[in-house]
Structure formats: structure tokens, C-alpha cells
Amino acid sequence: MFSHVDGYLRHIMADCTGKRSGNVADYIPELAAVDPDGYGLSLCVHDGHMYSHGDSSVEFTIQSISKPLTYAMAISRLGNAMVDEKIGVEPSGEAFNEISVDDRRRPKNPMINAGAILAASLLLPPVTEIDEATVTKVFGEVLDFYSACAGRRLTLDEAVYASEKATGSRNRAIGYMLDSFGALDTNPDAALDLYYRQCSIRVTTDDLAAIGSTIANGGLNPRTGRMVFNQEVAQRLLSVMTTCGMYDGAGDWVTGVGLPAKSGVGGGILAVLPGQLGIGVYSPRLDEHGNSVRGVETCRHLSTDLGLHMFNVTRESRVTIRSVYDLDGVEVSGDWTELERGFLRTCRDRVRVYELQGDLTFAGAESALRRLETDMDDLSVAIVEISRIGVIDPVARTMLLSAKRTLDERGRKAMLVDPDNVVRTSVKRHRNDAIAPNLNVPEDLLGFDPTLPHVHSTMDEAIEDAEAFLLKQQSDA
Ligand code: DON
């Protein structure tokens, strides 16, 4: 079947094929041994489906696109705080191979060579424990991690590795400068060797798109189902890719394209639309920033033609509330006496149902709960139906549970219809979720038992529970 998406991608490639400006990188001689007209484009969407066009299976070396991946390994192993002591997160506004550090003698960010060499050094043991076998072992771990992100076994391009090692004087200057400041806790030659190897890993645009989709999915590779790193790491990657990924072309890129991205002198660009998709594009001719000319143009088209700019956001709050209604017209459900049924028929409007939909973020939860607050004086029971909720942000989950407690405290009852256990299971996950400690989630909300009170799997159960509450309220009056 000829999908619309394939049609769009073919059209965009046809528009960009004529772009032949720029030059193939040759400061690493082996990089020049490519077809300058090579051009591949891949899109990997949230569930792992891949759209592949042109030279999408042609292998090239990942080069600087490796930098966010090694950075992800370092922060996964050592945590943001420790890595931030060694590498800044500020855009440098300089070329990728600038020999510079910030006023704390740190590389300004992990996307420039200085930051990447430092990040590679963080994967290695102290200088006293380094030998040739160590670097090979750690590179094996790097290859495993990159392969997990791509969803297939990646390999090293030995010829490019040898060529880069033989011509790496500028990187050696950077590495020895860092070592002279005491910034490296390991042997500088070992860090440089690991860095040359990571840059020489072969990828295709399908691999880049899969890596991008893994980042878009908070570290979960949608093609293999494997969790490679956590949401907190993904958030950090997207941040530094947005501000630093395209070097001294970053400002124009965020304005005109608006996708967290990373380029490489091998001719690749990896771009990510958070929560939605990954893009891989390849064409070896580079602009003055070291970014693929056709690659930048292709991403610009994707952003404008398909509306992929990350700030082109839906108004979450508007789409969250699907419908609001009371039980007028809904027959009394429970096994009650005639007298009780007669009473319940008089107060159907005291039970209000709020059906929510979509991914529940802060904005959506805020608008839903403000509506609940407005209606509170007119109701005794609020049933919040979340069967159409997809992903629920931790803060949105906490807001729901806190609102439930507030209603209870005001003599009303809040009930949830949660057939997929989106809230219940997530309460347990809160305990282990790396983000939870930063949310200052009230301890008792964390302590909730998964069998939360007044949380039901069906609307009928919730309505019967609401009727029981009304009858009890009447008997207590
Ligand atoms: O260190 C270098 O110069 C190369 N291995 C990588 C540079 C690079 O990819 C810059 N990005 N566009």
C-alpha cells in the first residue's frame, strides 16, 4: 500500500536532491571514500514502524552522532550531578573541534569534541588500572549500548578508526589540554582511543531513526521493547541536543527546524520529535558547521511540511476533557430496596461523570481539576473515567490522587474508573521512578496500596459505589 507518509518523504527527498553544495569531509582521509551524492532518509514512529527511503541501508560512520549516546552511558552510570561536575551544558557557539573550556575548566557541553572526549573518559577506570585490554572491553560495552539503541548489532569501521587515529592531532591537543587541567581521571590516550572508536561505528539512516525513536520514547526502543536508559536520561539528552547538537548553527536550527538533533561529519543527522518519532538522514556533503547540507534541508522540510516543530504542540488542556455528564437518564443500578431506588432517582444529578482522554500531562490535569473545582458545590460524587488516557505524567497522576483526597476531605466522593490500572500500577512505580523524588510527592500518596479505594474497572461498578455513598450520606444525615 502506497502510504501518504511514503509519498511525503519521496516528495521531500525529490525537493532536496538538487542541493549539491557543501563538501565531503576529508580531514579524516577515509571519510572522503564515499559517494558524495548518497542520500538516505528514515522515519521511525512511536511504535517502531520504519519508513525507509533512498540509501537508507547504506552504512556510514556515526561520528559526532555518537556523542549523545556516550553521554547517555555516562549519566546513566554516574548520574547528572557527577557528570555536570566534569562537563557543562551550555551551547558553545563555537565550532565542534574548538580547543576551549568554560571558566570552571570544563568542556562547555558534551556535544563538542572536548565534551565528548571527557564523556568517553568517564566510562574508563582510573589511570592506574588502564591497559589496552581495558579500552577494548569498554568499547565492547559502548558497542552493546549503541546496538541496543539501534535495535541491531552495529560494527566498527576499522579503516575510518585507523584514519582518524592517524590524523587526530587536534583531538589529541584537546585531550592533553583536558589532562593538563586534571579534568581526566584516566589516561588521555585511552580516552582518545575510545572516542576514535565510538566515532567509527557504522550506522544507516534506519539505525539513526531507531535510535531517535528510542530517545523519543524515554529510552524504550519501540522495535525491540528493550528499556535502554530511563526517562530522566532521555530528558537530559533532548535538552543538550536541542541547545548544542548543531554547534554554532544551533540557533538557526531550533528556530527553523525545532527538533533536538545531532549531526556528524560522516554525513548523518539524527533528529527527534519527543514522544513521537526519530529521524535519520544521510548525505555526505557538509556545510561550514560540519552539518549535512541535504540533511539540514530535509529536516527543515520535514518540520515545515509535516508540522514536526517541537513547539507546534496541541493544546493539551483543551483535548483532555472528552465529556461531562450526570446520571439523569441512567437507570438506578444497584440491588437496592424500592425505597432506596426512589431516593436515588431524586439525586441522579448529584453524580457527575468526567471522561478524560489523551496523554495526561500537567496542563491537561490542571484543566480537568479546575473544572472539578468549579462544579464541586453542585455534586456529591465525581466519577473520573480514564479508560481513554494513554500515558500519564507522574505530576498528573499525583494531581489526580491529591484531588481525590481533597474531595473526600470536603465530604464528597471522588471515584476513578481505571480499567487499565494506569493510576494504580503507576502509584507503585512512583516508588522507583527516578523522577518521583523531585516531585515531592506526598509520602502517603506513595504509600497507597495498589487496591486504591473507590477505584473501579467499570463504570457500572463506580455508579453502584456512588449510589451506596449517596444512601449512606442520606442515612447519616
Ligand atoms: O572528532 C572528530 O573530529 C570527528 N570524529 C567527529 C566530528 C563531527 O562529527 C562533528 N560533527 N558534525
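## Two loop residues with positive phi

Let's start in a loop: R105 sits in the one between α3 (80–84) and α4. Helices here are DSSP runs of H or I with at least four residues, strands are runs of E with at least two, and both are numbered from the N terminus. R105 has a phi near 60°, a positive value in a residue other than glycine. Before going on, note that this is a predicted model, where local features need pLDDT of at least 70, side-chain atom pairs count only at pLDDT 80 or more, and totals for chains, interfaces and linings use all residues. Residues are numbered from 1 along each chain as its sequence is written, and side-chain values use heavy atoms, with hydrogens and water left out.

Q63 also has a positive phi, near 50°, and is not a glycine. Look for Q63 in the loop between β4 (60–61) and α2 (66–78). Is Q63 buried or exposed? Q63 is buried, because its relative accessible area is 2%. (Buried means under 20% relative accessible area, exposed over 50%, and partly exposed in between, with a 1.4 Å probe and protein chains only.)

## Around the ligand

Q63 turns up again at the ligand: 14 residues surround the ligand, and the closest are Y27, Q63, S64, E164 and Y195. To count as near, a residue needs a heavy atom within 4 Å of the molecule or strand in question. The shell splits into 6 nonpolar, 7 polar and 1 charged. Here Ala, Val, Leu, Ile, Met, Phe, Trp, Tyr, Cys and Pro count as nonpolar, Asp, Glu, Lys and Arg as charged, and the others, Gly among them, as polar.

Now for some atom pairs. A polar side-chain atom of Y27 lies 2.6 Å from an oxygen atom of the ligand. On the nitrogen side, a ligand nitrogen is 3.5 Å from an N or O atom in the side chain of S263, and a ligand nitrogen is 3.0 Å from a polar backbone atom of G290. How much of the ligand's 340 Å² does the protein bury? The protein buries 99% of the 340 Å² that the ligand exposes when taken alone. (Accessible areas come from the Shrake-Rupley method with a 1.4 Å probe; for residues, only the protein chains shown count as cover.)

## Two buried helix residues

A116 lies in helix α4 (residues 113–121). A116 counts as buried because its relative accessibility is 2%. Leaving aside neighbours within four places in sequence, A116 is in contact (heavy atoms within 4.5 Å) with K67, P110 and Y195. A116 and I87 are 29 residues apart in sequence, and their C-alpha atoms are 9.0 Å apart in space.

T242 belongs to helix α10 (residues 231–244). With a relative accessible area of 17%, T242 is buried too. A polar atom of the T242 side chain is 2.6 Å from the backbone oxygen of L238. Not counting residues up to four places away in sequence, T242 touches V254, P260 and M310.

## The whole chain

Time to zoom out. The protein chain has 20 helices and 16 strands, and buried residues make up 55% of its 477 residues. Its C-alpha atoms fill a box of roughly 90 × 55 × 35 Å along the principal axes.

The domain assignment gives domain 1 (4–312) and domain 2 (321–476); such bounds come from an automatic or database assignment. The centres of domain 1 and domain 2, taken over C-alpha atoms, are 45 Å apart.

Methods
A polar contact is a pair of N or O atoms within 3.5 Å; within protein, one must be able to donate a hydrogen and the other to accept it, and residues adjacent in sequence count only if both atoms are side-chain atoms.
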